[in-house]
Every structure is written in C-alpha cells, then in structure tokens.
Amino acid sequence: MASVANAPLNLLKPLNLPRYKPGIGSGFVTTPLRSTINAPFLTAQSSKQSSSPIICFASEKQNSSTDASSTARIRSEVLTPFRSVRMFFYLAFIASGGLGTLIATTQLIAALTNPSRALDAPEIAKGLGIDICAVSLFAFLYYRENTAKNAQIARLSREENLSNLKLRVDEKRVIPVSSLRGFARLVICAGPASFITESFKFSEPFTEGLVERGVLVVPFATDGNSPSFEFDESEESKDFTSKRKRLWQLNPVIVSEWTNWLDEQKKLAGVSSDSPVYISLRLDGRVRGSGIGYPPWNAFVAQLPPVKGMWSGLLDGFDGRV
C-alpha cells in the first residue's frame, strides 16, 4: 500500500481520532491517537435511514498479470524515458571494461613469467586495476538502476491491478476503478465493519470539503459484515445528506480480487493482514499515501486542492461502459 512514495503504505499526516479498539480475537492494536475533533457524531434526528453497502460476489476474471505487467512496463518507460539508454551504456562500459580486464590479465601473466618484460608489469597492473574499478562501478550503477526499474514496475503493476478492480455505483451500474481517473480521488477504507462505521461518522464534519476535492470513499469490510450507514433524511438536511451519500456511494465488487490486492499491499508494507488501513489515490490513479487506522479526513481537506465541477456529473451520467 501508499503512497505501497513508491512504498505501498506511506503514512500521511494522521487524523487525530480516538484509538480504534478491535473486538476479542482480532489480534492487533493500532497506534493510539488523541481526539481533537469537537464536532459531534451523528446526532439523533427526527427521521433517519439506515443504509448498508451492497457487495457483489460475481465470478469474473481479472486481466492476466502478463497484460498488467506489459502496461506497467510501458508506463515505466514513459515516466523514465532515459533509463533504458543509461542501462545500455552501463552494459556497454561493463563489456568494454571486462574485455580490457581480460587482455590486461593475460599481459600481466606474460610479463610476470618473462623476465625481459618484468619492467612492464607495474604499468600493466595499474591498467588492470583501473579496468576492474570501472567494471565494478558500472556494474553497481546498472544494479541500482535495474533495482529501481523493477520496483517501479512492481508498483505500477499493483496500480494497474487496482485500476481493473470493479466498483458498484448503484444497483444497475458497475464500473472499473480506472474509469474514475482524472475525475475522483478514491480513498479505500478497509477493515472490520465497525471500523468503517466509525470512519463514516468521523468524516461527517468534513463532508463538504471532501466532496469539493473530488474524494470518493470505497468502504471494504474485511470481516464479511456490512457497515451501517445512517443518513439524516429530514428536509432541512437534504443537500448535506445528498453529499454524504455521494461521498460513500461506491462499493467493491468481486470481493476475492479486492482481498488479494489488499493482502499484497499489506504484505509488501509489513502490515498485519487484519489491521484496518486506508489507501488514498491521486486523480491519475496512483497511490498518494496510506496508513494504519482511520483516514485523516482533516488532512485531505487541508492538503488537496478543490476540483469542484470536474466530476460532479460523472456518476450521475455514467452508463457503465468502459
């Protein structure tokens, strides 16, 4: 995961919230956080409606890892266009230095075995040392470049796999994550249903700011239970409730694929598989940041620029076609 910024899970500035307390047998404890939010949670209203996300368990196959890897390699070339050129020259210098080392070695052996050429031995040994140093240097540079390339491709592959995952907008529309690139900033909130419900409550004071910044939340309950979302349906709160519903409108489809992707992110970040986490995406679909515990809603509002008007009609008019 975040971000897991190439690391899958890179911590953003945390939102100061109460410590999340898992149920008995969950096997993890999150980092204590002090509360600075004075805004009340959802208060009792004259009329409330309870809503739970619908998760589809359809058996649909995702694109093969080979296709994702090919796309990731192309994106890697676009992001670092001169890396291949540098690696080519590193290999050329290694080959040249290796050939020079071989020639200098044979000359040094001949000089040491022939008394008449003994005076040339120091000069030949000097050249041999230079060749060995050159080969070692360019081999190190090639290794570092290749390691960075592989890490970038692995990160881009994970992002491509994420872009192929499906989201349910409503009962009739299912879209891939990639269709929201350039329009919305997704925040994946993964953990037990109780954790997601608390995250839903903590986001209430920041709803308008999050909507203005194009934030959409993807609640993913890892314990198989459905979180309970309560919306105030009173007439005076109609506009605010509409924004709340839009913010929490999306739901994961094909749970097994989401679980596999999330487990891979946690494994790479060294995070326990049962830890509640959040993952924030950029507008272009790349991982912006992530961490353990509740999403820092206040940090999102403070750090992200508004994108109001860019995506407001996307989900209303989206017909589900890719």
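The crossing of helices α3 and α7 is left-handed, a crossing being called left-handed if the near helix is turned anticlockwise from the far one by less than a right angle, and right-handed if clockwise. In this predicted model, the axes of α3 and α7 (residues 255-269) come within 10 Å and cross at roughly 155°; axes are lines fitted to C-alpha atoms, for helices over the stretch in contact, and angles run from 0 to 180 degrees between N-to-C directions. The two helices are therefore roughly antiparallel to each other, the term applied to angles over 145 degrees, with those under 35 counted as roughly parallel, 65 to 115 as roughly perpendicular and the rest as oblique. Helices are DSSP runs (H or I, at least four residues) numbered from the N terminus. On the α3 side R158, N161 and L162 meet W258, W261, E264, Q265 and L268 of α7, where contact means heavy atoms within 4.5 Å. The residues of this contact divide into 4 nonpolar, 2 polar and 2 charged, with Ala, Val, Leu, Ile, Met, Phe, Trp, Tyr, Cys and Pro taken as nonpolar, Asp, Glu, Lys and Arg as charged, and the others, Gly among them, as polar.

Helix α3 (residues 121-163) also packs with helix α2 (residues 83-113), at an angle of about 155° and with the axes 8 Å apart. These helices, too, are therefore roughly antiparallel to each other, and their crossing is left-handed. The residues of the contact of α2 with α3 comprise 20 nonpolar, 8 polar and 5 charged.

A search of the whole structure finds 14 aromatic pairs, that is, rings of Phe, Tyr and Trp (its six-membered ring) whose centres lie within 6.5 Å, with planes under 30 degrees apart counted as stacked, over 60 as edge-to-face and the rest as tilted. Among them, Y90 and F138 have ring centres 6.3 Å apart and planes at 40°, so the pair is tilted. Because Y90 lies in α2 and F138 in α3, the pair ties together parts that are 48 residues apart in sequence. Also in α3 is K149, which touches R83 and M87, not counting residues up to four places away in sequence.

The mean pLDDT (the predictor's confidence in each residue, from 0 to 100) of the protein chain is 77, and 74% of its residues reach 70 or more. Values stay under 50 over residues 1-15 and over residues 19-64. Where pLDDT is low, the predicted coordinates should not be read in detail.

Residues are numbered from 1 along each chain as its sequence is written, and side-chain values use heavy atoms, with hydrogens and water left out. Local features need pLDDT of at least 70 and side-chain atom pairs count only at pLDDT 80 or more, whereas totals for chains, interfaces and linings use all residues.
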